[in-house]
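Visitor: I'd like to understand the words used for this fold. Could you take me through them?

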Amino acid sequence: MPFARLASATTPTCHIGLGLAAVGRPGYINLGRDQDLPPVRSVETLRGRTHELLDAAYAQGVCYFDAARSYGRAEEFLADWLHARPAVDDIVVGSKWGYTYTADWSTDAAQHEVKDHSVATFERQHAETAALLGDRLDLYQIHSLTPDSPALTDKELHARLAEAAAGGVTIGFSTSGPGQADTIRAALAVTVDGEPLFRTVQSTYNLLETSAAPALAEAHDAGLTVLVKEGMANGRLAGERAPQALRAVAAEASLGCDAIALAVILRRPWAGVVLSGAATVDQLVSNLHATVPDLDEEQLARLETLAEDPGAYWERRGQLPWH
């Protein structure tokens with residue numbers, strides 16, 4: 001698996017990845033976006049911001065970069081960066097298929113992305129991704145599986161994914177929604193010719209949404225690499241928006257709330273890569289301080305009280321506007 005490259009990395013930040021959802025398109029649901037990005041978000045402006053973040057992340061020892069077909073031009077921006085830096089061969093590149101970006105570079109589109117886990121969508125998007133990333137693509141994930149997704153039972157799709165795996169691409173999946181644990185367990189049971197299909201899982205896990213933890217531990221024990229997304233809860237755990245308990249622990253550690261929130265995830269024995277969704281270099285640098293704090297049991301206990309009911313968490317997330 002490509003994530004074996006991380007095992008030999010020596011930097012403290014090698015298990016922090018950079019996700020490009022916030023900078024590959026002008027609109028997204030993260031809070032505080034109006035302050036993070038300029039009011040005029042042209043393609044070239046966000047291309048430059050993405051490359052700036054990639055440069056800063058790589059310089060600090062970040063080894064995993066995560067995109068998706070639905071992240072606007074994120075794959076294109078990442079491909080441009082890789083093409084200009086052929087010597088960068090010690091990283092892992094992941095992307096996702098299953099959502100089609102439909103906002104046409106607008107922040108106020110009626111619909112920003114359309115979900116479809118069909119074989120036809122896989123074939124189209126796999127070709128699109130391959131045209132951009134070529135043999136630099138290490139990991140291709142089904143985007144946002146849920147318990148009712150046909151991708152969990154579509155044997156033809158499983159066969160096509162297995163063909164891609166035989167060609168050298170690791171196959172994984174991401175999850176979303178209050179049923180993440182059920183999705184993970186169902187995906188672990190998917191096999192092709194008696195062999196497990198999926199080798200990675202990327203799920204939402206943070207101080208507010210902890211429900212997937214037992215299933216992620218099971219996935220880790222089954223040999224999958226676990227990637228954690230939305231560790232900042234789309235900005236709800238950052239700065240002044242953070243709950244008081246988190247702000248108190250951050251003050252005690254003389255670090256940002258973001259660093260503490262991500263540090264808690266890094267402590268989980270099943271967490272292979274924890275994604276930063278930074279939109280600015282300052283945010284990225286602050287996120288990377290997650291490797292610093294040594295939280296004690298009393299502090300961790302206070303932070304554990306922040307967990308919400310998953311249904312309530314996902315309902316609130318679904319109400320976040322696209323900025």
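Guide: Gladly! Buried means under 20% relative accessible area. Keep in mind that this is a predicted model.

Visitor: What makes strand E7 mostly covered?

Guide: Of the 6 residues in E7 (residues 170–175), 6 are buried. On one side these are Thr170, Gly172 and Ser174, and on the other Ile171, Phe173 and Thr175, which leaves both faces covered.

Visitor: How do you know that E6 and E7 pair?

Guide: Pairing takes at least two bridges between the strands. Strand E6 (residues 139–145) and E7 have 5 bridges and run parallel, so they count as a pair. From E6 the chain passes through helix H6 (residues 155–166) to E7, in a right-handed β-α-β crossover.

Visitor: And what makes E7 and E10 a pair?

Guide: The cut-off of at least two bridges applies again, and E7 and E10 have 3, in the parallel sense. Ser174, for example, is bridged to Gln202 in E10.

Visitor: Why are the buried residues of helix H8 said to lie on the same side?

Guide: The buried residues in H8 (residues 213–221) are Ala213, Ala215, Leu216 and Ala219. They lie on the same side of H8 because their arc around the axis is only 160°. Their cover includes helix H7 (180–188), strand E10 (200–204) and strand E11 (225–229).

Visitor: Which residues have the most contacts inside the largest nonpolar core?

Guide: That core has 94 residues, and among those with the most contacts inside it are Phe65, Phe173 and Leu246. Helix H10 (residues 257–266) gives the most to this core, with 7 residues.

Definitions and conventions:
Residues are numbered from 1 along each chain as its sequence is written. This is a predicted model: local features need pLDDT of at least 70, side-chain atom pairs count only at pLDDT 80 or more; totals for chains, interfaces and linings use all residues. Side-chain values use heavy atoms; hydrogens and water are left out. A nonpolar core is a set of buried Ala, Val, Leu, Ile, Met, Phe, Trp, Tyr and Cys residues joined through side-chain atoms within 4.5 Å. Buried means under 20% relative accessible area, exposed over 50%, partly exposed in between (1.4 Å probe, protein chains only). Helices (H or I, at least four residues) and strands (E, at least two) are DSSP runs, numbered from the N terminus. The arc is that of the directions from the helix axis to the C-beta atoms. Contact means heavy atoms within 4.5 Å. A crossover is right-handed if, with the strands pointing away from the viewer, the path from the first strand over the helix to the second runs clockwise.
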